[in-house]
Each structure stands twice: as structure tokens, then as C-alpha cells.
Amino acid sequence: YYVVVSAAVQPSCFASSLTDLCAHPLPMRGGPIDEQSADSAKGKIQSSPLAIPKELWRLVDALYPQSMHIEGLFLESGSTEEMDRIRECLDTGAPFPEDGSLSDYSFAQTLLLFLQSLAIPIIPQTLYKFVASDLSLSDSISGEVSLERLLRQLPSAHYNAFVYLLSFFRQVNGVSKQALAAAIAPCLVRSGFASVRGEDGTFLGSSEAVRQRTGGLSDKELV
């Protein structure tokens, strides 16, 4: 006997690629966009891709600048229900509620989930060996040169997203640089890192896990 299973899969910005998202100015599942705007946007899909995905911009915009001082941001777990609502807004183009029903922690964790789910991470797997070798140099000058070499090898959408995210994360001052680096690094460079989800669903576990993932590096070495 055979069991026939069928399902309707809804498109989502999660698990998509940066290149595809930049080439798609409309929400993945429609949204509150009038017909004239939709026709205009469709005509721009091939001719003028976005510099960064609109979904990435919306998540960062929801946090900056008012949330930069919040203690434990990107470390504390968010509400699964709230994160599902944020994800639905991203996929449909619906505005985020302004009634305070979505916490900053849920937005922060959704941003990490979005980055971790990318079909190709910000730093593509093809460059992982380069990151693991050249960027591990302790000499700061050599490290800067290696970083410049890495940036030159990134595809346009990845380069823009990388620079945009680093500019944003540098403004986060509610957590130590070491803890923040441990939270975001596995989402930017996927290969060779253990799962970044803890038992409580957050992307960062205990302080001991932070020390293990950063090899005991100081804040200065992680800058």
C-alpha cells in the first residue's frame, strides 16, 4: 500500500538567498501594496535589485536606535509566538504592531534566525577556510588586510549585508563585545560552528558556552 501525502508550501523570506531577496522588492506572500505599486515594483526586479533585503532592513529598523542599550539583547530568548508573528509580517509585508506587543528580544532573536536560515550565509561556505585561517591571525595589521581581502571576494548582496550588519552591531551596548560576537558569528559564518540554539530556543547559551565558542578571547581581540 502507498500513502499519498501532499502539502501546500508557502513561500518565505526565511531560507531564501540574499541575492533572491534583493531581486524581489515585493513581500514573499503579497502584502498591503496597491496594484500600481506592485506593477512598478515587478518591473524593477531585474533592472535595479535592492542593496540589502527589505526584510533585513525592517528587522534592524525595528531595533535601532531605541533598543541598543537593552541588557542581554541578542542573548536572551524571545517569545516563540511573537517571533512567528514577526516572521509573518516579514513574509506578507504587513506592518509590525506598534502597541508594544512584540518585545525587543523577539525582534533580536528573529534577526539571528533570519541570518542563520539564509540559503547561503553572509560569509559563503566557499570562503570558510579563508575565514578560519587568515582571519584567525593574532596580528591586528595582518587581520585588517585579511578582512579587506575577504570583503573583496564577497558577492555584492553579501558585502552590503555584511557592512550593514557590522555597522548596526557596533551600536549594541547592552552586552559585552565578547558575548555579542559569540551570538552573531555562527549566524554569519555557518560551517564549522556548532548549533547556536540552546535548549530554551535562544541563540546563545550560558556564559561558559560563550567562552568555548570564542576560545576565551578578550573583547579587544573580538573587535
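1. Lys54, at 17% relative accessibility, counts as buried, where buried means under 20% relative accessible area, exposed means over 50% and partly exposed lies in between, with a 1.4 Å probe and protein chains only. Lys54 forms a salt bridge with Glu55, with the closest N and O atoms 3.0 Å apart; a salt bridge here is a side-chain nitrogen of Lys or Arg within 4 Å of a carboxyl oxygen of Asp or Glu. Glu55 also counts as buried, at 1% relative accessibility.

2. A word on the basis of these values: this is a predicted model, in which local features need pLDDT of at least 70 and side-chain atom pairs count only at pLDDT 80 or more, while totals for chains, interfaces and linings use all residues. Residues are numbered from 1 along each chain as its sequence is written, and side-chain values use heavy atoms, with hydrogens and water left out.

3. As for the overall fold, the protein has eleven helices and zero strands, helices (H or I, at least four residues) and strands (E, at least two) being DSSP runs numbered from the N terminus. Of the 223 residues in the protein, 40% are buried. Among contacts between residues at least 6 apart in sequence, 74% join residues at least 24 apart, a contact meaning heavy atoms within 4.5 Å.

4. A search of the whole structure finds three salt bridges. One of them joins Arg29 to Glu88, with the closest N and O atoms 2.5 Å apart; Arg29 lies in the loop between H1 and helix H2 (35-43) and Glu88 in helix H4, so this pair ties together parts that are 59 residues apart in sequence. Another joins Asp91 to Arg29, the closest N and O atoms being 3.4 Å apart, and this pair too links distant parts of the chain, with Asp91 in helix H4 and Arg29 in the loop between H1 and H2, 62 residues apart. Glu88 is partly exposed, with a relative accessible area of 39%, whereas Asp91 counts as buried at 2% relative accessibility.

5. Glu82, which lies in helix H4 (residues 80-92), deserves a separate remark. Residues up to four places away in sequence aside, Glu82 touches Ser101, Leu102, Ser103 and Ser106.

6. Helix H3 (residues 54-63) packs with H4 at an angle of about 135°, their axes being 10 Å apart, and that makes H3 oblique to H4. Axes are lines fitted to C-alpha atoms, for helices over the stretch in contact, and angles run from 0 to 180 degrees between N-to-C directions; angles under 35 degrees count as roughly parallel, over 145 as roughly antiparallel, 65 to 115 as roughly perpendicular and the rest as oblique. At this packing, Glu55, Arg58 and Leu59 in H3 meet Ile86, Cys89 and Leu90 in H4.

7. H3 also packs with helix H8 (residues 156-169), at an angle of about 10° and with the axes 12 Å apart, and the two helices are therefore roughly parallel to each other. Here Leu56, Trp57, Val60 and Leu63 in H3 meet Ala161, Tyr164, Leu165 and Phe168 in H8.

8. Ala15, in the segment before helix H1 (18-22), has a phi near 70°, a positive value in a residue other than glycine. Ala15 counts as exposed, at 52% relative accessibility.

9. Val189 is found in the loop between helix H9 (177-188) and helix H10 (207-214), and is buried with a relative accessible area of 11%. Leaving aside neighbours within four places in sequence, Val189 is in contact with Ile123, Tyr128 and Val131. Val189 and Leu115 are 74 residues apart in sequence and 9.8 Å apart in space, C-alpha to C-alpha.
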